[in-house]
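Here are my notes on one part of this fold. Please read them with the structure open.

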Amino acid sequence: MTRIAVLTPDPADLSYASQWPGVRDRLAAALALEGIEAVATSWTDHVTDAAGLAGFPLILPMIVWGYHRDHRRWLQACATWTAADLPLANPAAVLAWNSDKTYLARLAERGVPMPETIWSDGVTADTVAAAFASTGADQLIVKPTVSGGAWRTLRLSPGQPIGEAPEGSAMIQPYLPTIETLGETSLLFFDGVFSHAVNKRPVGGEFRIQVQFGGLYTPVTDPPAGAMALARQVLAAIDEPLLYARIDMVSDANGNWLLMEAELIEPDLYLDHDPARGAGLARAVRARL
């Protein structure tokens, strides 16, 4: 078997300890279809020295969940891996810029549609009040630009206390209530080839669609044409070669598809909802080898 590395969370971060091993196991099972063995190793073991990864023909950073809580060290690791010219897929440069949601502004400049967004250096009552005034929204979503899994993400109504506001750089968007009725749709691509799609909806009274908040996930057998068009537009707007990509989007009240995230670092690939159980991913990895 060909052995490749799969980067995993910091062992000191227990936030996803009950979730990521299952993702690792599904990934390992898919890769085994192509005679590939996945060797798990924590990304935090290779921040300043890439020697421990140098012997692998391919390195997948697919399960580095929680890196956003140690972003400075994450960027340091990406620089180390770039300097060592390690065979990461996706490339280390992508792992760096995709870790800060300000990349969405650059995609918007390339014509990718997304919700109206206010970028702020900090979140205060005045910042939020100004955002309500400028957008005319009934509710706002406030999140850090460096985040993951809805970490420190707030839904606010006018006059509502901010509470635990994101620290530092943040993004503010009008809340799209269609997330409750239509959900968020994720399209998965491996080496540019569409694989499968999943719809994620929040439980009643919730706005976050992640599993830890009770999110309900269902496979989408025939993604809408508009959703597919948006996903391909996003991929075309990214210059670097991508082994894998998860494009998350929502439809607004007028039926327009809007980009929420281009997940290029550590997305759950929802292989348990893939009819092929990751065979497309395994073929893409084999082709890179």
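1. First, a definition: the expected span of a helix is 1.5 Å times one less than its number of residues. Helices (H or I, at least four residues) and strands (E, at least two) are DSSP runs, numbered from the N terminus. With 13 residues at 1.5 Å a residue, α1 should span 18 Å, and its end C-alpha atoms are 18 Å apart, which agrees.

2. A word on the source. This is a predicted model, where local features need pLDDT of at least 70, side-chain atom pairs count only at pLDDT 80 or more, and totals for chains, interfaces and linings use all residues. Residues are numbered from 1 along each chain as its sequence is written, and side-chain values use heavy atoms, with hydrogens and water left out.

3. Strand β1 covers residues 2-8, and five of its seven residues are buried. Buried means under 20% relative accessible area, exposed over 50%, partly exposed in between (1.4 Å probe, protein chains only).

4. Which strands pair with β1? Pairing takes at least two DSSP bridges between two strands. Strand β2 (residues 36-42) runs parallel to β1, joined by seven bridges. Leu7 stands opposite Thr41 in β2. Strand β3 (residues 59-60) is also parallel to β1, with two bridges. There, Ile59 is the bridge partner of Ala5.

5. Now the helix. The buried residues of α1 are Trp20, Val23, Leu27, Ala30 and Leu31. Seen down the axis of α1, they fall within an arc of 95 degrees, so they line one face of the helix. The arc is taken from the directions from the helix axis to the C-beta atoms.

6. What covers that face? The cover of the buried α1 residues includes β1, β2, β3 and α8 (279-288). Contact here means heavy atoms within 4.5 Å.
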